[in-house]
Amino acid sequence: MEQLFVFILRNDVWIYILCVLGFFWYASQFLQSQKILQRAMFGLEREKGSRMRSTAVFFLILFGTILMFVLYVNTTIAPTI
């Protein structure tokens with residue numbers, strides 16, 4: 001477990017950058033899916049919008065969780081290592 005913490009501490013800036021980029025990408029995908037769902041007239045369009053929205057929400061939660069974990073490691077665990 002200590003190896004994971006050391007890896008996170010060494011690469012925290014890159015992890016932050018990648019997570020923020022991914023967060024912005026999937027936020028735009030979420031907004032795009034909302035527009036698709038607002039304009040959808042047929043079931044297939046609603047399916048596509050729903051699938052895009054659920055995928056975007058999953059990755060937004062994933063990237064948010066990774067960001068919070070890295071922040072936790074940097075503020076709480078790093079001083080003790």
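Two residues are in contact when heavy atoms of each lie within 4.5 Å. This report applies that term to a predicted model, in which local features need pLDDT of at least 70, side-chain atom pairs count only at pLDDT 80 or more, and totals for chains, interfaces and linings use all residues. Residues are numbered from 1 along each chain as its sequence is written, and side-chain values use heavy atoms, with hydrogens and water left out.

## Overall form

The protein chain holds three helices and zero strands, where helices (H or I, at least four residues) and strands (E, at least two) are DSSP runs numbered from the N terminus. In order from the N terminus, the elements run α-α-α. The radius of gyration of the protein chain is 17 Å, well over the 12 Å given by the globule rule for 81 residues, so the chain is more spread out than a compact globule. That radius is taken over C-alpha atoms, and the globule rule is 2.2 Å times the number of residues to the power 0.38. Along the principal axes, the C-alpha atoms fill a box of roughly 55 × 20 × 15 Å.

Of the contacts between residues at least 6 apart in sequence, 67% join residues at least 24 apart. Buried residues account for 23% of the 81 residues; buried means under 20% relative accessible area, exposed over 50%, and partly exposed in between (1.4 Å probe, protein chains only). The accessible surface comes to about 6,100 Å², and 69% of it belongs to carbon and sulfur atoms. Such areas come from the Shrake-Rupley method with a 1.4 Å probe; for residues, only the protein chains shown count as cover.

## Helices α2 and α3

Helix α2 has 28 residues and reaches 41 Å from its first C-alpha to its last, close to the 40 Å expected at 1.5 Å a residue. The expected span is 1.5 Å times one less than the number of residues. Helix α3 (residues 43-77) has 35 residues, which should span 51 Å at 1.5 Å a residue; its end C-alpha atoms are 49 Å apart, which agrees.

The buried residues of α2 are D12, I15, C19, G22, Q29, S33 and I36, and they pack against α1 and α3. In α3 the buried residues are G49, M52, A56, L60, F63, L67, V70, V73 and I77. Their cover includes α1 (2-10) and α2 (12-39).

| Residue | Relative accessibility |
|---|---|
| S33 | 0% |
| A40 | 15% |
| I77 | 16% |

Leaving aside residues up to four places away in sequence, S33 touches G49, M52 and R53. G49 and M52 are among the buried residues of α3.

With the same exclusion, A40 touches E45 and R46. A40 and T55 are 15 residues apart in sequence, and their C-alpha atoms are 18 Å apart in space.

I77 is in contact with F5 and Y72, its neighbours within four places in sequence being left aside. F5 and I77 are 72 residues apart along the chain, yet their C-alpha atoms are separated by 7.9 Å.
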